[in-house]
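Subject: Model handover

Hello,

Here is the model for your files. Please open it alongside this note; my findings follow below.

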Amino acid sequence: MEHHECLAHTEKWVVDVIMKYNICPFARREVERASIRYVAIEQTKVKAVLKALATECQYLDDHPETETTLFILPRGFEGFYAYLDLVDDATDLLVEHDYEGVYQLATFHPDYCFEGEPQDSAANFTNRAPYPTLHIIREASMEIALANYTDPESIPERNIAFAERKGSEFFVNLLQHCTKA
């Protein structure tokens, strides 16, 4: 797969799934402002990926007009458990680089599975994406967005209820649609 294809697939997922179905009520504003950065990381070794993640945080430091980054890992982290290990390391990296309280990570993976949920549960699709992805979020911006949103604690429950109403097959088809040329 070409580098530009995974970027295009992920952007299509954001618009056609996340924004269209209001999975993230804050996505529309950033899509319309074109303030989302999409970065595909070709490295497959944890150490190199973490170095690229630190570099991306520095990019966000230097570019306040970029609200958020979708840090896409098209190769090397196809296995969900290997991805979860990377998430733990990435979270540690934020702490080590004094980014705790500055950035937070939201996690997405094609095989995302919430603890205690069956693999085929529709609820898992609230965190499934075409590729393993770390979403780097500015905490200050998130605090402002949440302060201006009625009942933000209900967002995950609302998304899970929506996913269960639509069913797994609906989301499988949506994700397949996102990766078609």
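Is E56 buried or exposed? E56 counts as buried, at 4% relative accessibility. Here buried means under 20% relative accessible area, exposed means over 50%, and partly exposed lies in between (1.4 Å probe, protein chains only). Areas come from the Shrake-Rupley method with a 1.4 Å probe, and for residues only the protein chains shown count as cover.

Before the rest, the ground rules. This is a predicted model, so local features need pLDDT of at least 70 and side-chain atom pairs count only at pLDDT 80 or more, while totals for chains, interfaces and linings use all residues. Residues are numbered from 1 along each chain as its sequence is written, and side-chain values use heavy atoms, with hydrogens and water left out.

Salt bridges

A salt bridge is a side-chain nitrogen of Lys or Arg within 4 Å of a carboxyl oxygen of Asp or Glu. The count by this rule is 6.

E56 pairs with R37 at 2.6 Å, N to O. E56 sits in helix α3 (residues 46-62) and R37 in strand β1 (residues 36-40), so the contact ties together parts 19 residues apart in sequence. R37 is partly exposed, at 26%. Within it, the closest N and O atoms of R29 and E30 are 2.9 Å apart. R29 is exposed at 51%; E30 is buried at 9%.

K12 and D16 also form a salt bridge, 3.1 Å from N to O. They lie 4 residues apart in helix α1 (residues 3-19), so about one helical turn separates them. K12 is partly exposed at 27%, and D16 is partly exposed at 22%.

Helices (H or I, at least four residues) and strands (E, at least two) are DSSP runs, numbered from the N terminus.

Strands β3 and β4

In strand β3 (residues 103-108), 5 of the 6 residues are buried, so the rest of the structure largely encloses this strand. β3 runs antiparallel to strand β4 (residues 133-138), with 6 bridges joining them. Two strands pair if DSSP finds at least two bridges between them. F108 stands opposite T133 in β4.

Surface charge

D85, D88, D92 and E96 form a negative surface patch. Patch residues have over 30% relative accessible area and no salt bridge; like charges are joined within 9 Å, nonpolar side chains (Val, Leu, Ile, Met, Phe, Trp, Tyr) within 5 Å. Asp and Glu count as negative. D88 belongs to helix α4 (residues 80-96). D88 is partly exposed, at 48%.

Best wishes

Note on methods: The place of a charge is taken as NZ of Lys, CZ of Arg, CG of Asp or CD of Glu.
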